[in-house]
Amino acid sequence: MATLVHSIPSISFLSSLTLQPLKIKTHKKTLSTSRSEHIKTLTCITSKPNNKSPTKDGRKPTSKKTRKSSYGSSRRSILKKTFIQEQVTFTSQLSSDPHVGIIGGGMAGLLCASSLEKRGFKSTVFDTGIHGLGGRMGTRVIDPQPLIFDHAAQFFTVSDPRFSELVGDWLEKGLVRQWQGTIGELEVGGQFVPFPSSPPRYFGVNGMRSLADSILSQTCMVNVVRPCWISKLEPFNGMWHLSENGKPCGQFDIIVIAHNGKCANRLLASSGLPLVARQMKTLGLSSIWALLAAFEDPLPIPTGATSFEGAFVKGVESLSWMGNNSAKLLGSKSNSPHCWTFFSTAAYGKRNKVPQENIPTATAEKVKTAMLEGVEAALGLPKDSLQRPFYSRVQLWGAALPTNTPGIPCIFDPHGRAGICGDWLLGSNLESAALSGMALANHIADYIQSGGARPEEFALGLNNGFETLGGHDIGQFSGLESSTEANPIQAYQLST
(Lines give C-alpha, C1' and ligand atoms only; values in the text may rest on other atoms or scores of the structure.)
Protein backbone atom coordinates (compact mmCIF):
# COMPACT_ATOMS: atom_id res chain seq x y z
CA MET A 1 0.00 0.00 0.00
CA ALA A 2 1.70 3.12 -1.24
CA THR A 3 -0.78 5.76 -0.13
CA LEU A 4 -3.66 6.20 2.27
CA VAL A 5 -6.76 8.29 1.68
CA HIS A 6 -7.21 10.81 4.50
CA SER A 7 -10.97 11.14 4.84
CA ILE A 8 -13.78 10.08 7.13
CA PRO A 9 -15.76 7.11 5.76
CA SER A 10 -19.08 8.15 4.27
CA ILE A 11 -22.44 6.45 4.52
CA SER A 12 -22.02 4.91 1.09
CA PHE A 13 -18.65 3.58 2.24
CA LEU A 14 -20.32 1.86 5.21
CA SER A 15 -23.09 0.44 3.02
CA SER A 16 -20.53 -1.60 1.08
CA LEU A 17 -19.16 -3.39 4.11
CA THR A 18 -21.41 -6.43 4.17
CA LEU A 19 -21.01 -6.88 0.44
CA GLN A 20 -17.20 -6.98 0.46
CA PRO A 21 -15.97 -9.35 3.17
CA LEU A 22 -12.27 -9.41 3.94
CA LYS A 23 -10.39 -12.21 2.20
CA ILE A 24 -8.68 -14.41 4.75
CA LYS A 25 -6.28 -17.30 4.73
CA THR A 26 -7.85 -20.41 6.21
CA HIS A 27 -7.21 -24.11 6.21
CA LYS A 28 -10.06 -26.05 4.68
CA LYS A 29 -10.77 -28.24 7.69
CA THR A 30 -14.42 -27.56 8.55
CA LEU A 31 -15.24 -27.41 12.24
CA SER A 32 -18.97 -26.83 12.00
CA THR A 33 -21.40 -28.80 14.13
CA SER A 34 -24.78 -30.17 13.22
CA ARG A 35 -27.36 -27.47 12.48
CA SER A 36 -30.38 -29.72 12.96
CA GLU A 37 -30.99 -28.86 16.62
CA HIS A 38 -34.62 -28.20 17.57
CA ILE A 39 -35.16 -24.62 18.68
CA LYS A 40 -38.22 -23.74 20.75
CA THR A 41 -39.59 -20.22 20.48
CA LEU A 42 -40.66 -17.56 22.96
CA THR A 43 -42.52 -14.60 21.54
CA CYS A 44 -41.66 -11.35 23.31
CA ILE A 45 -44.70 -9.07 23.33
CA THR A 46 -45.66 -5.88 25.11
CA SER A 47 -47.42 -6.72 28.37
CA LYS A 48 -50.84 -5.17 28.85
CA PRO A 49 -52.54 -4.63 32.21
CA ASN A 50 -55.42 -6.88 33.15
CA ASN A 51 -58.43 -4.52 33.10
CA LYS A 52 -61.13 -7.10 33.80
CA SER A 53 -63.63 -6.25 36.49
CA PRO A 54 -62.98 -7.71 39.92
CA THR A 55 -65.04 -10.62 41.23
CA LYS A 56 -67.50 -10.30 44.08
CA ASP A 57 -64.76 -10.89 46.66
CA GLY A 58 -62.73 -8.02 45.22
CA ARG A 59 -60.09 -10.15 43.46
CA LYS A 60 -59.31 -9.91 39.76
CA PRO A 61 -60.24 -13.04 37.81
CA THR A 62 -57.46 -15.44 36.94
CA SER A 63 -56.84 -15.72 33.22
CA LYS A 64 -56.95 -19.24 31.80
CA LYS A 65 -55.02 -18.19 28.72
CA THR A 66 -51.36 -18.91 28.02
CA ARG A 67 -49.28 -18.06 31.09
CA LYS A 68 -46.70 -15.31 30.63
CA SER A 69 -43.20 -15.60 31.97
CA SER A 70 -41.75 -13.10 34.41
CA TYR A 71 -40.07 -11.19 31.59
CA GLY A 72 -43.15 -10.64 29.44
CA SER A 73 -42.71 -13.48 26.91
CA SER A 74 -45.70 -15.71 26.16
CA ARG A 75 -45.34 -19.50 25.86
CA ARG A 76 -47.37 -21.46 23.35
CA SER A 77 -47.28 -24.49 25.60
CA ILE A 78 -45.88 -25.55 28.93
CA LEU A 79 -42.35 -26.83 28.30
CA LYS A 80 -40.35 -29.23 30.41
CA LYS A 81 -37.02 -27.99 31.72
CA THR A 82 -34.36 -28.48 29.08
CA PHE A 83 -30.84 -27.48 28.26
CA ILE A 84 -32.06 -26.34 24.83
CA GLN A 85 -32.66 -22.58 24.87
CA GLU A 86 -35.96 -21.16 23.72
CA GLN A 87 -35.65 -18.62 20.92
CA VAL A 88 -36.90 -15.14 21.80
CA THR A 89 -38.84 -13.53 18.97
CA PHE A 90 -39.70 -9.84 19.23
CA THR A 91 -43.00 -8.93 17.55
CA SER A 92 -43.42 -5.34 18.69
CA GLN A 93 -42.33 -2.45 16.53
CA LEU A 94 -38.97 -0.84 17.11
CA SER A 95 -39.11 2.38 19.11
CA SER A 96 -39.10 5.70 17.26
CA ASP A 97 -35.62 6.50 18.56
CA PRO A 98 -33.84 3.10 18.64
CA HIS A 99 -31.05 2.59 21.15
CA VAL A 100 -28.36 -0.09 20.65
CA GLY A 101 -26.54 -1.66 23.59
CA ILE A 102 -22.98 -2.76 22.77
CA ILE A 103 -21.26 -5.11 25.19
CA GLY A 104 -17.52 -4.84 24.68
CA GLY A 105 -15.30 -1.80 24.05
CA GLY A 106 -12.57 -3.27 21.87
CA MET A 107 -11.94 -2.21 18.28
CA ALA A 108 -15.06 -3.98 16.93
CA GLY A 109 -17.42 -2.54 19.54
CA LEU A 110 -16.00 0.98 19.23
CA LEU A 111 -16.21 1.03 15.44
CA CYS A 112 -19.73 -0.38 15.63
CA ALA A 113 -20.76 2.49 17.90
CA SER A 114 -19.10 5.24 15.85
CA SER A 115 -20.49 3.81 12.60
CA LEU A 116 -24.01 3.65 14.05
CA GLU A 117 -23.71 7.35 14.86
CA LYS A 118 -22.78 8.06 11.25
CA ARG A 119 -26.06 6.42 10.30
CA GLY A 120 -27.96 8.49 12.86
CA PHE A 121 -28.45 5.94 15.66
CA LYS A 122 -27.44 6.19 19.30
CA SER A 123 -25.70 3.50 21.32
CA THR A 124 -24.22 2.74 24.72
CA VAL A 125 -20.93 0.85 25.02
CA PHE A 126 -20.39 -1.27 28.13
CA ASP A 127 -16.78 -2.24 28.82
CA THR A 128 -15.01 -3.99 31.68
CA GLY A 129 -11.83 -1.93 31.35
CA ILE A 130 -10.70 -0.30 34.56
CA HIS A 131 -7.88 1.74 32.99
CA GLY A 132 -9.55 2.47 29.66
CA LEU A 133 -11.23 1.08 26.58
CA GLY A 134 -9.63 -1.15 24.00
CA GLY A 135 -9.92 -4.80 24.97
CA ARG A 136 -6.83 -6.40 23.47
CA MET A 137 -5.57 -2.91 22.54
CA GLY A 138 -4.13 -2.74 26.02
CA THR A 139 -1.36 -0.41 27.22
CA ARG A 140 0.02 -0.54 30.74
CA VAL A 141 1.84 2.45 32.26
CA ILE A 142 3.86 1.89 35.45
CA ASP A 143 4.64 4.95 37.54
CA PRO A 144 6.72 6.74 38.65
CA GLN A 145 9.39 6.11 35.93
CA PRO A 146 7.06 5.81 33.92
CA LEU A 147 7.37 2.45 32.18
CA ILE A 148 5.09 1.83 29.20
CA PHE A 149 4.09 -1.47 27.63
CA ASP A 150 1.70 -2.47 24.88
CA HIS A 151 0.79 -5.74 26.54
CA ALA A 152 -1.61 -7.10 23.91
CA ALA A 153 -1.81 -5.92 20.27
CA GLN A 154 1.67 -4.82 19.19
CA PHE A 155 0.97 -3.29 15.79
CA PHE A 156 -1.35 -3.69 12.82
CA THR A 157 -1.13 -3.75 9.05
CA VAL A 158 -3.55 -2.68 6.31
CA SER A 159 -4.80 -4.64 3.32
CA ASP A 160 -8.44 -3.64 2.84
CA PRO A 161 -9.21 -0.28 1.16
CA ARG A 162 -12.02 0.45 3.62
CA PHE A 163 -9.69 0.03 6.58
CA SER A 164 -7.02 1.97 4.68
CA GLU A 165 -9.37 4.96 4.49
CA LEU A 166 -9.97 4.77 8.25
CA VAL A 167 -6.26 4.49 9.04
CA GLY A 168 -5.59 7.45 6.77
CA ASP A 169 -7.94 9.51 8.91
CA TRP A 170 -6.14 8.35 12.07
CA LEU A 171 -2.79 9.31 10.56
CA GLU A 172 -4.08 12.76 9.67
CA LYS A 173 -5.30 13.27 13.24
CA GLY A 174 -2.01 12.07 14.71
CA LEU A 175 -3.57 9.05 16.43
CA VAL A 176 -1.31 6.45 14.81
CA ARG A 177 2.18 6.36 13.43
CA GLN A 178 4.11 4.04 11.14
CA TRP A 179 6.56 1.80 12.96
CA GLN A 180 9.85 2.56 11.26
CA GLY A 181 11.94 0.25 13.44
CA THR A 182 13.25 -3.04 12.13
CA ILE A 183 10.98 -6.07 12.58
CA GLY A 184 11.93 -9.56 11.51
CA GLU A 185 12.25 -13.22 12.32
CA LEU A 186 14.59 -14.49 15.03
CA GLU A 187 15.76 -18.09 14.89
CA VAL A 188 16.81 -19.83 18.08
CA GLY A 189 20.54 -19.22 18.51
CA GLY A 190 20.44 -15.57 17.44
CA GLN A 191 19.99 -15.65 13.67
CA PHE A 192 17.89 -12.62 12.75
CA VAL A 193 16.35 -11.98 9.33
CA PRO A 194 14.74 -8.53 8.88
CA PHE A 195 11.42 -8.16 7.07
CA PRO A 196 11.05 -5.69 4.18
CA SER A 197 9.66 -2.29 5.16
CA SER A 198 6.52 -3.01 3.14
CA PRO A 199 3.76 -3.46 4.07
CA PRO A 200 3.84 -0.62 6.60
CA ARG A 201 3.18 -1.40 10.28
CA TYR A 202 1.20 1.00 12.48
CA PHE A 203 0.68 1.59 16.20
CA GLY A 204 -1.05 4.05 18.53
CA VAL A 205 1.22 7.05 19.16
CA ASN A 206 0.95 6.79 22.95
CA GLY A 207 0.30 3.08 23.03
CA MET A 208 -2.46 1.03 21.48
CA ARG A 209 -4.97 1.97 24.16
CA SER A 210 -4.66 5.65 23.25
CA LEU A 211 -6.06 4.81 19.82
CA ALA A 212 -9.02 3.02 21.40
CA ASP A 213 -9.74 5.94 23.71
CA SER A 214 -9.65 8.37 20.76
CA ILE A 215 -12.10 6.56 18.46
CA LEU A 216 -15.19 7.86 20.28
CA SER A 217 -13.73 11.24 21.27
CA GLN A 218 -15.65 13.15 18.59
CA THR A 219 -18.96 11.32 18.94
CA CYS A 220 -22.10 12.81 20.52
CA MET A 221 -24.56 9.91 20.27
CA VAL A 222 -22.43 7.30 22.03
CA ASN A 223 -22.48 6.77 25.79
CA VAL A 224 -19.68 4.76 27.46
CA VAL A 225 -20.14 2.88 30.73
CA ARG A 226 -17.06 1.36 32.37
CA PRO A 227 -15.97 -0.56 34.24
CA CYS A 228 -19.12 -2.62 33.88
CA TRP A 229 -19.63 -6.39 33.65
CA ILE A 230 -22.99 -7.03 32.00
CA SER A 231 -24.10 -10.30 33.62
CA LYS A 232 -27.64 -10.72 32.33
CA LEU A 233 -29.68 -10.13 29.19
CA GLU A 234 -33.45 -10.18 29.66
CA PRO A 235 -36.17 -9.65 27.02
CA PHE A 236 -39.12 -7.75 28.44
CA ASN A 237 -41.88 -5.68 26.80
CA GLY A 238 -40.19 -5.65 23.41
CA MET A 239 -36.82 -4.48 24.70
CA TRP A 240 -33.58 -5.99 25.95
CA HIS A 241 -32.92 -5.20 29.62
CA LEU A 242 -29.26 -5.36 30.65
CA SER A 243 -28.01 -5.68 34.20
CA GLU A 244 -24.81 -6.06 36.19
CA ASN A 245 -25.21 -8.43 39.14
CA GLY A 246 -28.83 -7.39 39.59
CA LYS A 247 -28.23 -3.68 38.99
CA PRO A 248 -30.23 -2.39 35.97
CA CYS A 249 -28.05 -0.94 33.21
CA GLY A 250 -30.71 0.19 30.76
CA GLN A 251 -33.05 -1.11 28.10
CA PHE A 252 -32.25 -1.38 24.41
CA ASP A 253 -33.98 -2.14 21.14
CA ILE A 254 -31.02 -4.12 19.83
CA ILE A 255 -27.96 -5.61 21.52
CA VAL A 256 -24.47 -6.29 20.19
CA ILE A 257 -22.05 -8.79 21.68
CA ALA A 258 -18.59 -7.41 20.92
CA HIS A 259 -16.52 -9.69 23.13
CA ASN A 260 -15.95 -13.44 23.38
CA GLY A 261 -14.64 -16.21 25.59
CA LYS A 262 -16.21 -17.75 28.68
CA CYS A 263 -17.83 -14.50 29.82
CA ALA A 264 -19.67 -14.12 26.51
CA ASN A 265 -20.68 -17.78 26.55
CA ARG A 266 -22.00 -17.46 30.08
CA LEU A 267 -23.94 -14.33 29.18
CA LEU A 268 -25.57 -15.98 26.16
CA ALA A 269 -26.24 -19.34 27.84
CA SER A 270 -29.69 -18.30 29.09
CA SER A 271 -30.34 -15.28 26.91
CA GLY A 272 -32.99 -16.71 24.61
CA LEU A 273 -30.61 -16.48 21.65
CA PRO A 274 -29.69 -20.14 20.96
CA LEU A 275 -28.45 -19.60 17.42
CA VAL A 276 -26.22 -16.71 18.43
CA ALA A 277 -25.03 -18.62 21.50
CA ARG A 278 -24.19 -21.69 19.41
CA GLN A 279 -22.02 -19.71 17.02
CA MET A 280 -20.18 -18.03 19.89
CA LYS A 281 -19.61 -21.36 21.61
CA THR A 282 -18.17 -22.86 18.42
CA LEU A 283 -15.36 -20.29 18.51
CA GLY A 284 -12.01 -21.67 19.64
CA LEU A 285 -9.54 -19.41 21.43
CA SER A 286 -5.84 -19.75 22.19
CA SER A 287 -4.17 -18.91 25.50
CA ILE A 288 -0.96 -16.86 25.53
CA TRP A 289 1.28 -15.65 28.35
CA ALA A 290 2.61 -12.10 28.27
CA LEU A 291 5.72 -11.04 30.17
CA LEU A 292 6.35 -7.34 30.64
CA ALA A 293 9.97 -6.69 31.56
CA ALA A 294 11.98 -3.48 32.00
CA PHE A 295 15.79 -3.56 31.77
CA GLU A 296 18.34 -0.90 32.70
CA ASP A 297 20.52 -1.69 29.68
CA PRO A 298 19.73 -2.66 26.09
CA LEU A 299 19.39 -6.36 25.38
CA PRO A 300 22.49 -7.75 23.63
CA ILE A 301 22.24 -8.10 19.88
CA PRO A 302 23.48 -11.40 18.35
CA THR A 303 26.88 -11.11 16.70
CA GLY A 304 26.50 -9.93 13.13
CA ALA A 305 22.76 -9.36 13.49
CA THR A 306 20.87 -6.17 12.74
CA SER A 307 19.51 -4.24 15.70
CA PHE A 308 15.76 -4.83 15.85
CA GLU A 309 12.71 -3.52 17.70
CA GLY A 310 10.41 -6.48 17.15
CA ALA A 311 10.86 -10.14 16.27
CA PHE A 312 8.76 -13.23 15.66
CA VAL A 313 10.71 -15.99 17.39
CA LYS A 314 11.15 -19.43 15.87
CA GLY A 315 12.14 -22.64 17.59
CA VAL A 316 11.55 -21.59 21.21
CA GLU A 317 8.49 -23.12 22.85
CA SER A 318 8.10 -20.49 25.56
CA LEU A 319 8.52 -17.51 23.23
CA SER A 320 6.81 -16.40 20.03
CA TRP A 321 7.34 -12.62 20.01
CA MET A 322 9.55 -9.97 21.57
CA GLY A 323 8.95 -6.24 21.10
CA ASN A 324 10.78 -3.17 22.39
CA ASN A 325 8.07 -0.75 23.55
CA SER A 326 10.52 2.01 24.49
CA ALA A 327 12.07 2.12 21.03
CA LYS A 328 8.70 1.88 19.29
CA LEU A 329 6.86 4.51 21.36
CA LEU A 330 9.66 6.84 22.47
CA GLY A 331 12.30 6.40 19.77
CA SER A 332 15.53 4.44 19.66
CA LYS A 333 17.53 7.35 21.12
CA SER A 334 15.44 7.56 24.27
CA ASN A 335 17.34 7.37 27.56
CA SER A 336 14.42 5.70 29.35
CA PRO A 337 14.58 2.09 30.59
CA HIS A 338 14.15 -0.60 27.97
CA CYS A 339 10.60 -1.97 28.23
CA TRP A 340 10.00 -5.22 26.39
CA THR A 341 6.85 -7.25 25.83
CA PHE A 342 7.37 -10.98 25.39
CA PHE A 343 4.65 -13.43 24.30
CA SER A 344 4.68 -17.19 24.67
CA THR A 345 3.56 -19.61 21.99
CA ALA A 346 -0.06 -20.77 22.06
CA ALA A 347 1.17 -24.30 22.79
CA TYR A 348 3.02 -23.12 25.89
CA GLY A 349 0.01 -21.07 26.97
CA LYS A 350 -2.30 -24.04 26.67
CA ARG A 351 -0.02 -26.36 28.63
CA ASN A 352 0.44 -23.84 31.45
CA LYS A 353 -3.07 -22.40 31.58
CA VAL A 354 -4.48 -21.42 34.98
CA PRO A 355 -7.38 -19.17 36.01
CA GLN A 356 -6.21 -15.79 34.68
CA GLU A 357 -8.08 -13.90 37.40
CA ASN A 358 -6.04 -15.60 40.12
CA ILE A 359 -2.62 -16.73 38.88
CA PRO A 360 -0.75 -18.76 41.55
CA THR A 361 2.53 -17.15 42.59
CA ALA A 362 4.44 -20.35 41.82
CA THR A 363 3.00 -20.47 38.29
CA ALA A 364 3.82 -16.82 37.66
CA GLU A 365 7.42 -17.37 38.72
CA LYS A 366 7.71 -20.53 36.65
CA VAL A 367 6.39 -18.80 33.52
CA LYS A 368 8.61 -15.76 34.03
CA THR A 369 11.70 -17.96 34.36
CA ALA A 370 10.82 -20.04 31.31
CA MET A 371 10.15 -17.00 29.14
CA LEU A 372 13.38 -15.24 30.14
CA GLU A 373 15.25 -18.47 29.39
CA GLY A 374 13.48 -18.41 26.05
CA VAL A 375 14.83 -14.91 25.42
CA GLU A 376 18.35 -16.16 26.14
CA ALA A 377 17.88 -19.08 23.74
CA ALA A 378 16.46 -16.87 21.01
CA LEU A 379 19.34 -14.39 21.29
CA GLY A 380 21.94 -17.16 21.48
CA LEU A 381 23.09 -16.16 24.97
CA PRO A 382 24.61 -18.52 27.54
CA LYS A 383 22.16 -19.73 30.19
CA ASP A 384 21.70 -17.33 33.11
CA SER A 385 23.67 -14.58 31.36
CA LEU A 386 20.72 -12.32 30.59
CA GLN A 387 20.49 -9.26 32.84
CA ARG A 388 17.64 -9.49 35.32
CA PRO A 389 14.77 -7.04 34.71
CA PHE A 390 14.24 -4.51 37.50
CA TYR A 391 10.50 -4.68 36.79
CA SER A 392 8.49 -7.64 35.53
CA ARG A 393 4.91 -8.80 35.41
CA VAL A 394 3.26 -11.83 33.84
CA GLN A 395 -0.27 -11.89 32.50
CA LEU A 396 -2.25 -14.72 30.97
CA TRP A 397 -4.50 -13.91 28.05
CA GLY A 398 -6.80 -16.91 28.55
CA ALA A 399 -8.88 -16.03 25.48
CA ALA A 400 -6.13 -14.48 23.41
CA LEU A 401 -6.83 -15.11 19.74
CA PRO A 402 -9.30 -17.09 17.61
CA THR A 403 -8.28 -20.45 16.21
CA ASN A 404 -11.24 -20.80 13.84
CA THR A 405 -13.60 -18.53 11.92
CA PRO A 406 -16.88 -18.58 9.99
CA GLY A 407 -15.38 -16.09 7.52
CA ILE A 408 -18.29 -13.62 7.59
CA PRO A 409 -18.35 -9.91 8.53
CA CYS A 410 -20.87 -10.25 11.37
CA ILE A 411 -23.71 -12.31 12.84
CA PHE A 412 -27.26 -11.02 13.28
CA ASP A 413 -30.44 -12.59 14.62
CA PRO A 414 -33.31 -10.36 13.45
CA HIS A 415 -35.95 -12.21 15.47
CA GLY A 416 -33.97 -11.78 18.70
CA ARG A 417 -32.63 -8.38 17.59
CA ALA A 418 -29.09 -9.26 18.55
CA GLY A 419 -25.76 -9.35 16.74
CA ILE A 420 -22.10 -10.26 17.13
CA CYS A 421 -19.03 -8.46 15.85
CA GLY A 422 -15.34 -9.19 16.40
CA ASP A 423 -12.09 -9.95 14.63
CA TRP A 424 -12.71 -13.72 14.83
CA LEU A 425 -15.54 -13.49 12.32
CA LEU A 426 -13.08 -12.52 9.57
CA GLY A 427 -9.58 -13.24 10.87
CA SER A 428 -7.31 -12.45 13.76
CA ASN A 429 -6.22 -8.81 13.72
CA LEU A 430 -7.36 -5.24 14.33
CA GLU A 431 -8.30 -4.77 10.69
CA SER A 432 -10.76 -7.68 10.89
CA ALA A 433 -12.21 -6.28 14.12
CA ALA A 434 -12.73 -2.84 12.58
CA LEU A 435 -14.38 -4.19 9.43
CA SER A 436 -16.64 -6.45 11.48
CA GLY A 437 -17.79 -3.62 13.74
CA MET A 438 -18.56 -1.35 10.81
CA ALA A 439 -20.33 -4.13 8.93
CA LEU A 440 -22.63 -4.95 11.85
CA ALA A 441 -23.45 -1.25 12.39
CA ASN A 442 -24.40 -0.95 8.74
CA HIS A 443 -26.49 -4.11 8.91
CA ILE A 444 -28.32 -2.96 12.04
CA ALA A 445 -28.98 0.46 10.52
CA ASP A 446 -30.48 -1.15 7.42
CA TYR A 447 -32.61 -3.42 9.61
CA ILE A 448 -33.91 -0.46 11.64
CA GLN A 449 -34.69 1.53 8.51
CA SER A 450 -36.67 -1.44 7.15
CA GLY A 451 -38.93 -1.19 10.20
CA GLY A 452 -38.21 -4.80 11.09
CA ALA A 453 -41.13 -5.94 8.94
CA ARG A 454 -39.09 -8.53 7.01
CA PRO A 455 -36.78 -10.02 9.65
CA GLU A 456 -35.94 -13.15 7.67
CA GLU A 457 -34.16 -11.00 5.08
CA PHE A 458 -31.70 -9.77 7.73
CA ALA A 459 -30.63 -13.08 9.27
CA LEU A 460 -26.86 -13.34 8.86
CA GLY A 461 -24.26 -15.92 9.85
CA LEU A 462 -26.45 -17.96 12.19
CA ASN A 463 -25.72 -21.29 10.51
CA ASN A 464 -22.28 -20.81 8.95
CA GLY A 465 -19.68 -23.49 9.53
CA PHE A 466 -16.21 -22.70 10.86
CA GLU A 467 -12.77 -23.28 9.33
CA THR A 468 -9.37 -23.44 10.99
CA LEU A 469 -7.68 -20.05 11.12
CA GLY A 470 -3.98 -19.68 10.32
CA GLY A 471 -1.55 -16.94 11.29
CA HIS A 472 1.12 -16.13 13.85
CA ASP A 473 0.63 -16.95 17.50
CA ILE A 474 -0.02 -13.24 18.11
CA GLY A 475 -2.36 -12.75 15.14
CA GLN A 476 -2.49 -12.25 11.39
CA PHE A 477 -0.57 -9.53 9.56
CA SER A 478 -1.01 -8.86 5.86
CA GLY A 479 2.26 -9.45 4.04
CA LEU A 480 3.60 -11.62 6.86
CA GLU A 481 1.71 -14.85 6.34
CA SER A 482 2.18 -17.95 8.46
CA SER A 483 2.64 -21.56 7.43
CA THR A 484 2.06 -23.78 10.46
CA GLU A 485 2.90 -26.96 8.58
CA ALA A 486 6.59 -26.12 8.27
CA ASN A 487 7.34 -26.17 12.00
CA PRO A 488 5.33 -27.77 14.84
CA ILE A 489 6.13 -24.88 17.19
CA GLN A 490 5.92 -21.95 14.83
CA ALA A 491 6.96 -21.04 11.28
CA TYR A 492 6.64 -17.94 9.16
CA GLN A 493 7.12 -16.94 5.59
CA LEU A 494 6.92 -13.64 3.80
CA SER A 495 4.15 -13.57 1.23
CA THR A 496 5.24 -12.80 -2.28
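Aspartate 384 is placed in the loop that lies between helix H9 (361-379) and strand E22 (391-397), where helices (H or I, at least four residues) and strands (E, at least two) are DSSP runs numbered from the N terminus. Although aspartate 384 is not a glycine, its phi is positive, at about 65°. With 63% relative accessibility, aspartate 384 counts as exposed; the term exposed stands for over 50% relative accessible area, buried for under 20% and partly exposed for values in between (1.4 Å probe, protein chains only). The model is a predicted one, in which local features need pLDDT of at least 70 and side-chain atom pairs count only at pLDDT 80 or more, whereas totals for chains, interfaces and linings use all residues. Residues are numbered from 1 along each chain as its sequence is written, and side-chain values use heavy atoms, with hydrogens and water left out.

A positive phi, near 50°, is also found at asparagine 245, a residue other than glycine. Asparagine 245 sits in the loop between strand E15 (239-244) and strand E16 (247-252), and it is exposed, with a relative accessible area of 67%.

The bond from aspartate 143 to proline 144 is cis, with omega near 5°, and proline 144 belongs to the loop between strand E7 (139-142) and strand E8 (147-150). Arginine 226 and proline 227 are likewise joined by a cis peptide bond, with omega about -10°, and proline 227 is located in the loop between E13 and strand E14 (232-236).

Strand E13 (residues 222-225) is joined in parallel to E6 by 4 bridges, with valine 224 of E13 as the bridge partner of valine 125; two strands are taken to pair if DSSP finds at least two bridges between them. Strand E6 (residues 122-126) is mostly covered, 4 of its 5 residues being buried. Strand E6 also pairs with strand E5 (residues 99-103), in the parallel sense and over 5 bridges, and phenylalanine 126 in E6 is the bridge partner of isoleucine 103. Between E5 and E6 the chain passes through helix H2 (residues 107-118) in a right-handed β-α-β crossover, that is, one in which the path from the first strand over the helix to the second runs clockwise when the strands point away from the viewer.

Arginine 201 lies in the loop between strand E11 (191-194) and strand E12 (202-204). Arginine 201 is buried yet has no salt bridge, the nearest side chain of opposite charge being that of glutamate 309, 9.3 Å away; a salt bridge requires a side-chain nitrogen of Lys or Arg within 4 Å of a carboxyl oxygen of Asp or Glu. A polar atom of the arginine 201 side chain does, however, lie 3.0 Å from the backbone oxygen of proline 196, and the side chain also reaches the backbone oxygen of proline 199 at 3.2 Å.

With a disulfide defined as a pair of cysteine sulfur atoms within 2.5 Å, the count comes to 0 disulfides. Cysteine 112 is in no disulfide, and the nearest cysteine sulfur, that of cysteine 421, is 4.8 Å away; at 0% relative accessibility, cysteine 112 counts as buried. The sulfur of cysteine 410 is too far for a bond, because the closest cysteine sulfur, in cysteine 421, is 8.0 Å from it. Cysteine 410 is buried, with a relative accessible area of 0%.

Methods:
Lys and Arg count as positive and Asp and Glu as negative; His and the chain ends are not counted. A polar contact is a pair of N or O atoms within 3.5 Å; within protein, one must be able to donate a hydrogen and the other to accept it, and residues adjacent in sequence count only if both atoms are side-chain atoms.
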